[in-house]
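Dear colleague,

I am passing on to you the structure that follows, and below it you will find an account of what turned up in it. Please read the two side by side.

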Amino acid sequence: MDTGLTEIAALRDESRHLRDESRHRHAENIQLARALADLIGEGDRFRRAMRSGLVDDIDEEIARMLNHTVTHRGFAAQRNLWFNPPLSVRYREGDVVLAQVNERIVETPYVFRALSRVEPGATVLDVGAAESTLAVSLASLGYRVTAIDIRPYAPVHPSLETVVAPIQDWSHDGAFDVVVCVSTIEHIGLGAYGEPRADEGSDGAAMQRMRELTKPGGLLVLTVPLGEAGVNDVQRTYDHAGLQALLEGWELEDLTVARQLDPRTWVVEPQETTSVDDEARVALVTARRP
Ligand SMILES: C[S@@+](CC[C@H](N)C(=O)[O-])C[C@H]1O[C@@H](n2cnc3c(N)ncnc32)[C@H](O)[C@@H]1O
């Protein structure tokens with residue numbers, strides 16, 4: 001064997017050794033954790049839950065860990081693999097319950113309905129795509145999708161391209177048949193996703209850029225919070241005048257308003273309403289670029 005091959009063989013042996021050692025240490029750590037749990041009297045339940053996989057055996061510690069994993073700060077989220085579920089669950093000792101239903105319960109099907117008249121093969125830009133399976137679903141349905149977000153988009157598909165950039169600054173030649181923007185415009189420029197806080201009016205700048213990126217005759221599908229106009233550190237809420245301002249330069253085709261009756265129930269209001277109260281509302285908009 002020449003010297004190079006000998007070195008490679010030695011490195012391979014060394015790496016196998018390190019891998020075996022690390023597996024061994026991992027097993028030892030689990031044993032240690034269980035031994036400690038036994039000492040403080042919680043070991044039996046922990047082991048029973050891990051072995052049985054039964055909800056009745058969930059203890060407080062396991063519930064806390066599971067609740068962490070399902071949040072936007074959990075383990076999957078730390079790898080950009082958390083997708084905001086419309087229905088969220090909460091683990092408790094010996095139980096798991098339906099916690100909350102968020103606005104995605106109406107927003108996502110609204111997008112699919114709006115796109116039902118758009119032929120597969122059309123180009124779609126999903127703005128603020130991270131945390132959602134929408135872009136990869138649309139790609140799987142046969143659309144040619146570009147997913148843009150200031151954070152990486154993890155799903156992959158042959159009909160899906162991903163861009164990491166703020167929409168308002170994205171320089172791109174060409175335009176799309178459809179631009180989709182779900183629960184995103186209200187956050188732009190506020191610094192809630194780790195980006196620097198920008199000037200007032202970045203939501204308008206983003207709308208303007210989305211218009212430039214839509215072909216004449218192309219569709220916009222937009223969802224935003226609707227209610228008393230306001231802004232906090234995380235998001236804006238638009239009233240009807242604010243929504244109208246966002247849609248300047250677009251021809252409105254549909255405005256559907258959905259309302260949250262209680263933490264688990266959303267309904268579509270019979271018709272556009274101008275009343276404002278404490279209930280969360282979302283405006284679901286389809287518009288066309290003239
Ligand atoms: C509330 S999340 C909505 C995500 C997704 N559309 C959904 O339906 O769950 C808002 C998203 O907007 C993204 N975002 C914030 N500012 C942005 C910008 N200037 N350009 C593109 N995406 C942005 C955030 O990173 C975040 O993923």
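Helices (H or I, at least four residues) and strands (E, at least two) are taken here as DSSP runs, numbered from the N terminus. This is a predicted model, in which local features need pLDDT of at least 70 and side-chain atom pairs count only at pLDDT 80 or more, while totals for chains, interfaces and linings use all residues. Residues are numbered from 1 along each chain as its sequence is written, and side-chain values use heavy atoms, with hydrogens and water left out.

Of its 290 residues, 37% are buried, where buried means under 20% relative accessible area, exposed means over 50%, and partly exposed lies in between (1.4 Å probe, protein chains only). If contact is taken as heavy atoms within 4.5 Å, residues 24 or more positions apart account for 57% of the chain's contacts with a separation of 6 or more.

Next comes the interior, described through nonpolar cores, each of them a set of buried Ala, Val, Leu, Ile, Met, Phe, Trp, Tyr and Cys residues joined through side-chain atoms within 4.5 Å. The largest such core has 30 residues, and Ile167 and Ile185 are the ones that touch the most other members. At least two residues of this core come from each of β3 (123–127), β6 (176–182), α6 (202–212), β7 (214–226), α7 (240–246), β10 and β12 (281–288), and the largest share, 4 residues, is that of β7. A second, separate core holds 29 residues, among them Val145, Leu160, Ala258 and Val282.

Arg209 has its place in helix α6, and it counts as buried because its relative accessibility is 13%. Leaving aside neighbours within four places in sequence, Arg209 is in contact with Ile167, Gln168, Trp170, Ser171 and His172. One of these partners, Trp170, is itself buried at 10% relative accessibility, and its ring pairs with that of Phe176, the centres being 6.3 Å apart and the planes at 35°, so the pair is tilted. Rings of Phe, Tyr and Trp (its six-membered ring) pair if their centres lie within 6.5 Å, and planes under 30 degrees apart count as stacked, over 60 as edge-to-face and the rest as tilted. A search of the whole structure finds 1 aromatic pair. Phe176 is buried too, with a relative accessible area of 5%.

In helix α4 (residues 104–114), the buried residues are Arg104, Val106, Glu107, Tyr110, Val111 and Ala114. These residues lie on the same side of α4, because they cover an arc of only 165° around the axis, the arc being that of the directions from the helix axis to the C-beta atoms. They pack against α5 (134–140), β6, β7, β10, β11 and β12.

Two of those strands, β10 (residues 251–262) and β11 (residues 265–268), run antiparallel and are joined by 4 bridges, two strands being paired if DSSP finds at least two bridges between them. They form a hairpin with 2 residues between them, and the bridge partner of Gln260 in β11 is Trp266.

Lastly, Val89 lies in strand β1 (residues 87–92) and counts as partly exposed at 34% relative accessibility. Its C-alpha atom is separated by 4.9 Å from that of Ala99, 10 residues apart along the chain.

With best wishes
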